[in-house]
Amino acid sequence: MKKIFLSIVLALATTVCTAQSVNDVIREFKSAKGATCLNLNKSMIKLMGEGKEQLSLPENIKLGDLGEVGKDIDSVKILVLEDCNASIKNKFVKKNINWKKYGYEPVVVTNEDDENVQIYAKKNGDNFKEIVVRVASGKDEGVLVQVFGNIDPKMLNNMK
C-alpha cells in the first residue's frame, strides 16, 4: 500500500514540476528542425490589416483578414511544427502547460479525432489581454499562437 501511495505522489509531483509556461514551450520548440516561429508586432499587424504591403509568411501559415479585431492586437507569436518530425510533434503534444498557475482561463478545450485544441485567455476586466491557441496532434499538427492586446470577446465572434 505504501508503494502505491508513494508512486502516486511521485507521479503527481513529476507532473507539477514539469508544467511550463507558454513562453517556455515556445523557447523550447522554436529552434527544432523544421519549426517556424514568428513574432508580429503592432506595425506588422497594421500593415496586414491595411493590405498596402504584402507580408511574406511561410506558406504553411495563413492568418487571414484580422478585420476590426486587428486594431486591438498589440503582438502575435506563432509557433508552427508542421514540418518537424513525428518525435518533436509527439513531445509537443505531451507538453504540460500550467494554465492555472499563469492566470489563464479556459475558453475552449476539445479533444476530437486525436486532435487536441485548447484556447485559453487572460482577462483584463471584460476584455482579453492575452489569448493562446494550441492545436496538437502527434500525426501532423503542432501549432501555438499567442495573441496580446486588449481584445473585446464580442469582436472574436465577428471574425470570418
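User: Which side chain meets that of Glu-130 in a salt bridge, and at what N to O distance?

Analyst: The side chain of Lys-122 does, at 3.8 Å, N to O. The general idea is this: a salt bridge is a side-chain nitrogen of Lys or Arg within 4 Å of a carboxyl oxygen of Asp or Glu. This is a predicted model, where local features need pLDDT of at least 70 and side-chain atom pairs count only at pLDDT 80 or more, while totals for chains, interfaces and linings use all residues. Residues are numbered from 1 along each chain as its sequence is written, and side-chain values use heavy atoms, with hydrogens and water left out.

User: Are Glu-130 and Lys-122 buried or exposed?

Analyst: Glu-130 has a relative accessible area of 6%, so it is buried. Lys-122 is at 19%, so it also counts as buried. For the chain of 160 residues, 32% count as buried.

User: How many salt bridges does the structure hold, and which residues are linked in a network?

Analyst: There are five salt bridges in the structure. Glu-28, Lys-91 and Lys-95 form the network. One of its links is Lys-91 to Glu-28, with N and O 3.3 Å apart. That pair joins distant parts of the chain, as Lys-91 is in helix 4 (residues 86-94) and Glu-28 is in helix 2 (residues 22-29), 63 residues apart. Another link is Lys-95 to Glu-28, at 3.1 Å, N to O. Here Lys-95 sits in the loop between helix 4 and strand 3, 67 residues from Glu-28 in helix 2.

User: How many helices and strands does the chain have?

Analyst: Helices (H or I, at least four residues) and strands (E, at least two) are DSSP runs, numbered from the N terminus. By that count, the chain has five helices and six strands. Along the sequence their order is α-α-β-α-β-α-β-β-β-β-α.

User: Which way do strand 3 and strand 4 run, and how many bridges join them?

Analyst: Two strands pair if DSSP finds at least two bridges between them. Strand 3 (residues 105-112) and strand 4 (residues 115-124) run antiparallel and share seven bridges. Asn-111 is opposite Asn-116 of strand 4. The two strands make a hairpin with two residues between them, and Asp-113 in the turn has a positive phi of about 50°.

User: How many bridges join strand 4 to strand 5?

Analyst: Nine bridges join strand 4 to strand 5 (residues 127-137), and the two run antiparallel. Asn-116 stands opposite Ala-136 in strand 5. This hairpin too has two residues between its strands, and Gly-125 takes a positive phi near 70° there.

User: Which strands does strand 2 pair with?

Analyst: Strand 2 (residues 73-80) is joined by five bridges to strand 1 (residues 36-40), antiparallel. Seven bridges join strand 2 to strand 6 (residues 141-151), again antiparallel. Cys-37 has Leu-79 in strand 2 as its bridge partner, while Ile-78 has Val-145 in strand 6.

User: What does Val-145 touch, not counting residues up to four places away in sequence?

Analyst: Contact means heavy atoms within 4.5 Å. With those neighbours left out, Val-145 touches Val-76, Lys-77, Ile-78, Ile-131, Val-132 and Val-133. Its relative accessible area is 21%, so Val-145 is partly exposed. Among contacts in the chain between residues at least 6 apart in sequence, 58% join residues at least 24 apart.

User: How many disulfides does the count give?

Analyst: A disulfide is a covalent bond between the sulfur atoms of two cysteines. The test used is a pair of cysteine sulfur atoms within 2.5 Å. By this rule, the count is zero.

Terms used: Buried means under 20% relative accessible area, exposed over 50%, partly exposed in between (1.4 Å probe, protein chains only).
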